[in-house]
Amino acid sequence: MAQVDVSELRDKVKTMYKAVAEEPHGPFHFEMGRDLALRLGYPAGDLDGLPPEAVESFAGVGYHLGLAAIAPGERVLDLGSGSGMDLFLAARQAGAGGTAIGIDMTAEQIAKAGRLAARDGYTTVRLEQGYIENAPVADGWADVIISNGVINLCDDKAAVFREIARMLKPGGRTAISDIVTERQLTEAIVCDVNLWASCIGGAMQQQDYRRAIGDAGLQVRDVRENPQYRFISDSARGATSTFGVKSISVLAAKPG
């Protein structure tokens, strides 16, 4: 099957998520904000006190922080951290003795999260602009790696999972929410950068997704479907019904 143009894809994704950062109430194929987070399972009390600008730009697809079970003092890495909602929650859970690093390729998302972290006193948060297929983090640094609705946007998912395995310490874990499919997407969808940027065109078949995690040397511990997540545009809903596009959350661990 033909592949999407990677340079064009990255430019399209950056443009879309620049809008997510700067115009969160604009028209998108997907829902955003506090109401979405609550429906996905985020406790209201956890959202209270977060920077509201981070919450309104939240564009995740599941609640995986429960699977992550971040403990005080841990080092957490958020791949595709966006405007920072999950990152700030992770920093809270890791506490003053922990560290939370967010990586995102979109300059406007990094800038927004950085402003909010500085304004609201998230002193244990660090932000890095970069690609999650080649992340600027040392081998074995992280106790926990999280990611929400991002890996499906990458053309080389196997490389992302290898990076996760590299950056996790032995015995570390990753908790991911992402979009997958039940059936193979058509070439027309896979080659459409607009559908990739909308979290559909790059979705991997679920069994292949799990296989890629295992091939990277990680052990899948839990997989949960998120039926409460839904797309809102007609074209996105059509792909959902035809190909079984859906949200899942996965917990995997690096052998100790």
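Trainee: Which residue follows H6, and near what value is its phi?

Mentor: H6 is followed by Gly95, whose phi is positive, near 75°. This is a predicted model, in which local features need pLDDT of at least 70 and side-chain atom pairs count only at pLDDT 80 or more, while totals for chains, interfaces and linings use all residues. Residues are numbered from 1 along each chain as its sequence is written, and side-chain values use heavy atoms, with hydrogens and water left out.

Trainee: What makes a stretch a helix or a strand?

Mentor: Both are DSSP runs, numbered from the N terminus: helices (H or I) have at least four residues and strands (E) at least two. By this rule the protein chain comes to 12 helices and 8 strands. H6 itself spans residues 85-94, and Leu89 lies in this helix.

Trainee: Why is Leu89 called buried?

Mentor: Buried means under 20% relative accessible area, exposed means over 50%, and partly exposed lies in between (1.4 Å probe, protein chains only). The relative accessible area of Leu89 is 3%, and Leu89 is therefore buried.

Trainee: How do you know that H6 is mostly covered?

Mentor: Of its 10 residues, 8 are buried. Among them are Met85, Phe88 and Leu89.

Trainee: What does Leu89 touch, not counting residues up to four places away in sequence?

Mentor: Touching, or contact, means heavy atoms within 4.5 Å. Leu89 touches Tyr42, Asp46, Leu47, Leu50 and Leu65. Leu65 is 24 residues away along the chain, and the two C-alpha atoms are separated by 8.6 Å.

Trainee: What is the phi of Ala69, and where is this residue placed?

Mentor: Ala69 has a phi near 50°, a positive value in a residue other than glycine. Ala69 sits in the loop between helix H5 (65-68) and E1.

Trainee: Is Ala69 buried, partly exposed or exposed?

Mentor: Its relative accessible area is 48%, and Ala69 is therefore partly exposed.

Trainee: Why are H1 and H7 called roughly parallel?

Mentor: The axes are lines fitted to C-alpha atoms, for helices over the stretch in contact, and angles run from 0 to 180 degrees between N-to-C directions. Angles under 35 degrees count as roughly parallel, over 145 as roughly antiparallel, 65 to 115 as roughly perpendicular, and the rest as oblique. H1 (residues 6-22) and H7 (residues 107-120) pack at about 25°, with their axes 8 Å apart. H1 and H7 are therefore roughly parallel to each other. Tyr17, Lys18, Val20, Ala21 and Glu22 of H1 make the contact with Glu108, Gln109 and Lys112 of H7.

Trainee: How do the residues of this contact divide?

Mentor: They comprise 3 nonpolar, 1 polar and 4 charged residues. Here Ala, Val, Leu, Ile, Met, Phe, Trp, Tyr, Cys and Pro count as nonpolar, Asp, Glu, Lys and Arg as charged, and the others, Gly among them, as polar.

Trainee: Where is Thr106 found, and why does it count as buried?

Mentor: Thr106 lies in the loop between strand E2 (99-104) and H7. Its relative accessibility is 1%, and Thr106 therefore counts as buried. Leaving aside neighbours within four places in sequence, Thr106 is in contact with Lys14, Tyr17, Lys18 and Gln129.

Trainee: What lies 2.9 Å from a polar atom of the side chain of Thr174?

Mentor: It is the backbone oxygen of Ile145. A polar contact is a pair of N or O atoms within 3.5 Å; within protein, one must be able to donate a hydrogen and the other to accept it, and residues adjacent in sequence count only if both atoms are side-chain atoms. Thr174 belongs to strand E5 (residues 168-181), and its relative accessible area of 2% makes it buried.

Trainee: Why does Ala216 count as buried?

Mentor: Its relative accessibility is 17%, and Ala216 therefore counts as buried. Ala216 is placed in the loop between helix H11 (206-215) and strand E7 (219-225), and it touches Phe161, Arg162 and Ala165, not counting residues up to four places away in sequence.
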